[in-house]
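Me: Hey, I'm new to this one. Can you walk me through it?

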Amino acid sequence: MKTPSRSVQDPLWAQTLLIGAAVSFLGLFLLVPLASIFVEAFRKGIAVYFSALTEDNARAAIVLTLTVAAIAVPFNALFGVAASWAIAKFQFKGKSLLLALIDLPFAVSPVVSGLVYVLLFGAKGVFGPWLKAHDIHIIFAVPGMVLATIFVTFPFVARELIPLMQAQGSDEEYAALSLGASGWQTFRRVTLPNIKWALFYGIILCNARAMGEFGAVSVVSGHIRGETNTLPLHVEVLYNEYNFAAAFACASMLSLLGLLTLCLKTLIEWRAGLRRHNH
Amino acid sequence: MATVSKNTAKRPRSILPGFGLSLGFTVTYLGLVVLIPLTMVFVKTSGLGFAGIWKAVSTDRVLAAFRLTFGLSALAGAINCVCGFLVAWVLVRYRFPGRRFLDAVVDLPFAMPTAVAGIALTALYAPNGWFGQYLTPLGIKVAFAPLGILLALTFIGLPFVVRTIQPVLEDLEPAQEEAAASLGATRGQTFWRVVFPPLIPALITGSTLSFARAIGEYGSVVFIAGNMPGKTEIVPLLIITKLEQYDFAGATALAALMLVISFLLLLITNSLQRWSSRRHSK
């Protein structure tokens with residue numbers, strides 16, 4: 001921002017008042033809930049905290065959460081790179097429609113995102129009878145949870161890459177090609193270094209949402225303890241059983257993931273000067 | 001405009017490789033993961049027929065859920081409009097220690113998993129919670145009441161408003177304000193007549209984004225809501241309840257209705273954003 005001259009600066013008392021109001025609002029509304037998670041998690045002591053994280057069902061939930069993210073995130077990253085290459089480097093009909101469709105999953109309620117897969121693969125769904133005849137489990141099993149996670153995290157990487165690649169243009173790629181590089185070499189040596197921060201940024205946002213997703217995964221999971229409960233679903237189970245210390249212990253793991261994401265995101269924004277987005 | 005379109009027409013086809021592969025993969029993946037599953041909702045709903053849809057959505061319980069969800073989401077959008085504006089104003093206009101920290105904190109509702117936010121808010125505002133124990137004697141019931149739902153919806157929507165207003169506020173020219181001040185306008189007049197009008201599109205866009213997110217929100221609301229049918233039951237929860245009771249027709253009809261509303265809101269926010277950036281670039 002350009003520094004305004006004295007004539008348009010607000011008086012000091014007004015500044016103090018407004019800063020005070022904003023700080024106390026953000027403190028009470030955002031920071032206190034965050035702090036409360038850790039206080040509640042450690043309320044019964046460190047031993048209870050660690051046993052809540054290491055008991056079998058929690059361990060299974062952590063492994064499942066990591067597995068689902070490890071499948072969903074690379075798929076969406078690959079899609080993001082492919083989509084941004086097609087959209088930023090070429091002219092074709094229906095491009096703005098394609099752009100709008102990529103954003104679609106952000107507009108859909110997580111519950112509906114889960115429901116669509118139940119309609120396709122559930123017992124009464126379109127492919128339900130066929131799947132049952134071949135003994136393939138998608139709903140109330142890991143494949144359904146991966147699909148629901150892919151759906152809700154679908155646009156993250158593409159949304160970061162498309163505007164950046166459009167702004168960068170294709171001149172460097174043309175130069176590389178005219179100097180005799182192959183298409184793949186051009187992508188790896190020219191395009192990828194140019195987009196690496198935005199790609200990383202998109203991937204960490206995608207990953208945070210993938211590991212923290214609740215609504216969509218809840219619909220397709222079936223809530224089988226130790227089998228189809230991800231960490232957020234495990235938190236729900238513990239909370240509904242009034243096992244608050246354990247619920248908050250698991251929630252604190254997810255909060256740490258969120259905080260780590262926030263730190264990395266802020267670092268990249270400062271470093272690469274990326275503009276912010278809403279999602 | 002004419003010269004621009006002529007230039008595009010004359011431009012040679014791109015010599016970059018990989019068009020077929022990248023576009024093919026993009027469209028196939030989009031179709032398989034997003035479009036075909038979404039279409040299923042409408043295919044299944046149209047199978048119900050008009051009478052079936054009407055029967056599924058016109059019950060008292062459904063209507064109450066819609067009133068609650070949309071009423072509270074709109075209220076949350078309005079609250080965020082005011083609070084988000086205050087936060088964005090302070091972050092952009094004033095310099096104070098901890099400003100960058102506070103700026104990063106605004107993204108907390110995006111970064112925290114919704115279920116985690118849900119149980120944290122519930123623990124704070126439950127009758128024996130940190131805040132609840134002081135509010136309950138005053139007769140204010142937050143958790144397990146509509147007020148709690150409003151709180152959760154405001155929480156998850158706040159960053160949308162702040163992040164939409166911030167860039168517009170950063171780009172405002174101080175010269176205009178200086179001119180207004182030097183022509184004798186008071187600070188209040190300058191604010192309402194010079195500073196505020198260009199921010200209106202961004203404020204409306206941000207609040208609409210907050211509203212659109214709120215109507216579909218599930219994770220942060222279910223814990224604090226209390227989930228009493230007809231009183232504190234939101235539409236996404238009702239969809240899950242119907243699904244768990246094997247009322248697929250009811251769940252699908254509600255989902256189709258929510259999808260149509262979400263698509264309309266997406267159209268509205270897209271055109272609002274175009275309007276906002278046009279005003280912005282002037």
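Me: Which residues of chain B lose the most area to chain A?
Reply: L16(B), Y29(B) and W130(B), and together they make up 8% of what that side buries.

Me: Before I go on, where do these values come from?
Reply: This is a predicted model, where local features need pLDDT of at least 70 and side-chain atom pairs count only at pLDDT 80 or more, while totals for chains, interfaces and linings use all residues. Residues are numbered from 1 along each chain as its sequence is written, chains are lettered from A and ligands numbered from 1 in the order written, and side-chain values use heavy atoms, leaving out hydrogens and water.

Me: How many residues does each chain put into the contact?
Reply: Chain B gives 90 residues and chain A gives 92, with contact meaning heavy atoms within 4.5 Å.

Me: And how many salt bridges between them?
Reply: Two, counting a side-chain nitrogen of Lys or Arg within 4 Å of a carboxyl oxygen of Asp or Glu. The side chains of K265(A) and D107(B) meet in a salt bridge at 2.6 Å, N to O.

Me: Which helix gives the largest share of chain B's side?
Reply: Helix α2 (residues 19-57) of chain B, with 15 residues; helices here are DSSP runs (H or I, at least four residues), numbered from the N terminus.

Methods
Buried area is the accessible area (1.4 Å probe) that two parts lose on being put together, summed over both. Helices (H or I, at least four residues) and strands (E, at least two) are DSSP runs, numbered from the N terminus.
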